[in-house]
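Please keep the sequence and the model open while reading.

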Amino acid sequence: MSPSPHLAINHPGWLFKESEALDSGQGHAAPENPEVVVEPAREADGPGPDEGPSAPLAQQQEQQQRSTPRLEKKRRRPALSCEQCRRRKIRCDRGLPCVNCVKSKISPCTYAPTHIPASRLKKSAAPQGQDAGPPQPALVPARSSPLFEVPKNSSQDTSSDIIPPNPPTSSVPSSTSETSVVDALAARVRELEQRLAGGFHISRKPDDKFIDCNRQKPEEENAPMKGTISKTRFFGQSHWMNGADMFPNIIAVLKQAENKKIGPHRMLIKCKVLARTIKENRMRPLSSATIGQTIPLRHLADQLVDAYFVTFEGAVRILHTPTFRAEYERYWQNPSAANTVFVMQLQLCMALGATVHDDLFSLRSAAIQWVHEAQLWLLLPPEKSRMTIAGLQIMCMLTIAKATCAVGQDLTWVTTGGLIRQAMYMGLHRDPKHLAEMSVYRSEIRRRLWATILELNLQSAYDAGGPPLISPKHFDTRLPANLNDDQLTDESDTKNPPKSNPDELTDMAVPLALLKSHPLRLTIIKHINEFRSKDSYSETLRLNSELTKACRTLTERLAALTNAQLHASRSIITQFHCSLVQLFVYRCFISLHQPMLRRAAEDPTIYYSRKVSLDSSLKVAQICGLSHPRYPSAPPGSTDPVATFDRLITNGAGLFRVVPMQTLFSIGLEFIKKKEEERDSLGGMPSMGSNDLRSVIEASISWSERRIQSGETNIKGYCFINAFLALADGMERRLTQDQIDQAVIDAGERAGQKSWELLKQVAERDGVIVNEADGSPVSVEEPVESMEGIVEMPFDWLGDFNWDGMNEWSWGRQVPKAFPDLDATPMSQI
C-alpha cells in the first residue's frame, strides 16, 4: 500500500517539495498554483532472479534498492505570479501591483514567498570562489503592494487615511526555514488587514478637503505672511509695494525727513494738495439721463476708434471687427436711434484709444467720463439685461479702461472676479459643443471672450498680489480657432467645424501665441501669492526654467508672424502687439524672483534669482523704451506702432505703470549693490555694466517727468527714483553715512520742486487756478443747478500711490443719492 499523499498549504513542507521538483531536470510544467503537492509512491519489482525467498530480509531490501530504478522527482516552476492571478488562473505581468489587480480593483496585490533551490544557490555562489559548506535552501520573502486609492465614484466614502503597509522586505535569501515561515505568516496577516481596510473603502484625503482652521498643524500656524498689509488691504508677494521694501535705507531717511517736516516733506504736501485739486476738477457729475451724450465729432471719433483697433484689439480680442464697423456706420446715420449697448462699447473704445492718441493724454477728462458712464450703466436696473455677450464685452473693455485710464486701477482684481463669475454663470467656462447647437460665429466669439477673461484675471492677480481664484479644472473651453473675423460664419460649429491652420497669420495669431503660456503663468502666480503654497526654491527654479522656454517659444512665434506680415495684404501684427504680449509674459520673471531678491545679496545660494531678476528687468526696460533714446514724438492721432506703445507706457496706469516701477526697483537695487562692491573693492574700479544701469535709471527719471506732464498726479515714484540714484552716487564718491543721508534728502527735495512745477503746468492746461503757497484752488465755483438726481462718483479714490492720505478723505461722499430720474421699469421685466 502506497503512503498517503503529503498535503502542504503555506507550509515549509510544501516549499521543500517545490524545491525538489525544481532541482529535478525532467518533468513537465505544472500549473502555477500548486495548492496540494502529492509525493508519488515507489513500487517494488519483487525479488531478483538469483535470490530466493529464504534470503535474509536485509539482503532482499538491499538487492531491491540496487535493482529498482530510482524515480527522479519532477521539477515545478516557482510561483512568480501574484496570488490573486493564480487563484483566478489568469496571466500575470508580475508587477507590484499587477495590471489585472488594478483593473479589477483588487487591493492589495500580494506574492507568496519564492523558494530558491540549493542547487541554484550553489551555482550562483560558485563563480565567487567561496566554499562555505553545502548551501542551504532559502526563501525570497513574500511581498505586497500598498493599497491604491479607491475611485471617487465609490459607493462609500470616508475621510480617514489609509495606514500604509510596511515596506517590502528585502529580497536577500534567508538561511533558515523558520524565518521563511514568519515572513509568510506576516505577509498573510498584512494581506488580511489590507483586505479588511479595502472592504471599508478607506482612501486618501482629497485635495479639496475641508480645512478646519481650529485644528491646524504647528507648521501651518507659523506659515509665512507672504504679503504686506496696508490700511484695509492685503498685498501679496507680486504687488509692487513689496519691491519698495528692498530699500530700507531710503525709506528710513525719507520717513525721518517726514517726521521732522524738513526737506522733501513740505514739497510733497504742496504737491499732494495740488494733485487732489486737479483730480477733483476732472470729475464730472453723472446722470442716468445723460449717458451716451458726450460722443465727440466724427473726425475725432474715427481717430480714437482706429487707434483702439490697431492697438489693443490686435492682442486682446473682445469685439468682432466687421460687426462693430457696421454698427458704427449705422450710428452716424442716426445717432439718436442708436442702441445704448453699442454706445457704451463705442465710448470704451474711444477711452482706450485716447490713451495712445497723443503724448499729453489731452482727452483724459473725457476718457474718465466715458468710463464712469459705462460703470453707471452696468449698475442700473435691470441687471439681467446685462447678461449677454455684448454685456460681457463691455465688462472686458471696462476692466482694461479702468486700469489704463487710472479710474480705480487698484481695484481691477475685484472687477475681474465679478467678470469671471458672470461669464461662468453664462456658461462660457464650458465649451460650446457641450451646450447647444451653435454657429461658428457664436462658438468662436464665446471662446475668444473666455480666453480674454482668463488673461485679464491673470494680469490683475499679478498687479494686486492676489491669487487667481480659478484653475484649469474649472473650465473645459477649447482655445479659439486661428481664423480671421470674416471667416466666422453662421454654419454649424459641430456639423461643419472650421478648418484653421495654426501656423497661419490671422487676426487670432497673436492672442493664441500668448495663450500658450497661460497655464504656466497661472501656476507661477499661484506659487507666489497663495499663502498655502510652499516656499520651495527648487520649485521656483523649475518654474523659471519653464518660463524661459515659454519666452523663447513666444519670441520665435512672433518672429515668424512678423515675417509673414511682410507678405500679407493688410496689417495684422505690429510692433505694438509684440511689445504688449512680451510685457505680459516677461513680467512673470520679476514677480517670481521678487520675494527672494532682497536676500539674494547676502545669501549666495539664491544669487541666481538676483541675476535672473536683473536680466528680465533689463528686457522689460528695453520693451518699455527705457534702455535706449526715446522715439521721436509723432503728431496727435498717429497710429505708428512704436509711438503708440510709448504713449501707452507714458499715459497708461495699472500694469503699464506698475511693471516699469518693479523693473526700476530691481535695476536700482542692483545698481546700489554694485556701488557697494566698488566701494569695498581693492582698486575701486567701476564694475562692469554699472554705466548701462545708470543710463536706464536716468531714462526712467525722464519717463516719470513725462508721466507727470501727461496728467499723473502722484510724484512719489519720481522722488523715489531720484533718491536711490543719489544714494548710489554718494557711495561712488565715498561719502560718510550722514552725508549720504543728506544727499538723499536733497535729491528728494529737488524732485519735489520739479514735480510742483510740472503739476502747475497740468493745472493751467486743465483751467485750474491754484495758490502758490499751498497748492489749493483759488476759488471754487458753486453749482447753480440743483444736484438732485445727480451722483458724484469719485471712483478713483484709490487710483494713486497716496496710501497715507486716506484718513483725510470724506467717506460721506461715497454714498450715492437716489435716482429720481431713472425710468420706472416694471418688476415683471426684471
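The protein exposes about 43,000 Å², and 54% of that area comes from carbon and sulfur atoms. The model is a predicted one. Of its 830 residues, 48% count as buried.

**Overall fold**
- The secondary structure consists of 29 helices and six strands.
- Among contacts with a separation of 6 or more, 77% link residues 24 or more positions apart.

**Helix 13 and helix 14**
- Two packed helices are described by the angle between their axes and by the distance between those axes.
- Helix 13 covers residues 321-333 and helix 14 covers residues 340-354; their axes are 11 Å apart and the packing angle is about 105°.
- Helix 13 is therefore roughly perpendicular to helix 14, because angles of 65 to 115 degrees fall in that class.
- On the helix 13 side, the contact is made by Phe324, Glu327, Tyr328 and Tyr331.
- On the helix 14 side, Phe342, Val343, Gln345, Leu346 and Cys349 take part.
- By class, this contact has seven nonpolar residues, one polar residue and one charged residue.

**Thr650**
- Thr650 sits in helix 25, which spans residues 641-651.
- Its relative accessible area is 3%, so Thr650 is buried, the cut-off being under 20%.
- A polar atom of the Thr650 side chain lies 2.9 Å from the backbone oxygen of Asp646.
- Leaving aside residues up to four places away in sequence, Thr650 touches Trp703, Arg706, Arg707 and Ser710.

Technical notes:
Residues numbered from 1 in each chain as written. Predicted model: local features only at pLDDT ≥ 70, side-chain atom pairs only at ≥ 80, totals over all residues. Heavy atoms only, no water. Helix = DSSP H or I, 4+ residues; strand = E, 2+ residues; numbered from the N terminus. Buried < 20%, exposed > 50% of the residue type's maximum accessible area, 1.4 Å probe, protein only. Polar contact = N/O pair within 3.5 Å; in protein donor to acceptor, adjacent residues only side chain to side chain. Contact = heavy atoms within 4.5 Å. Areas by Shrake-Rupley, 256 points an atom, 1.4 Å probe, with all protein chains shown as cover. Axes fitted to C-alpha atoms, helices over the stretch in contact; angles between N-to-C directions. Parallel < 35°, antiparallel > 145°, perpendicular 65-115°, else oblique. Nonpolar A, V, L, I, M, F, W, Y, C, P; charged D, E, K, R; others polar.
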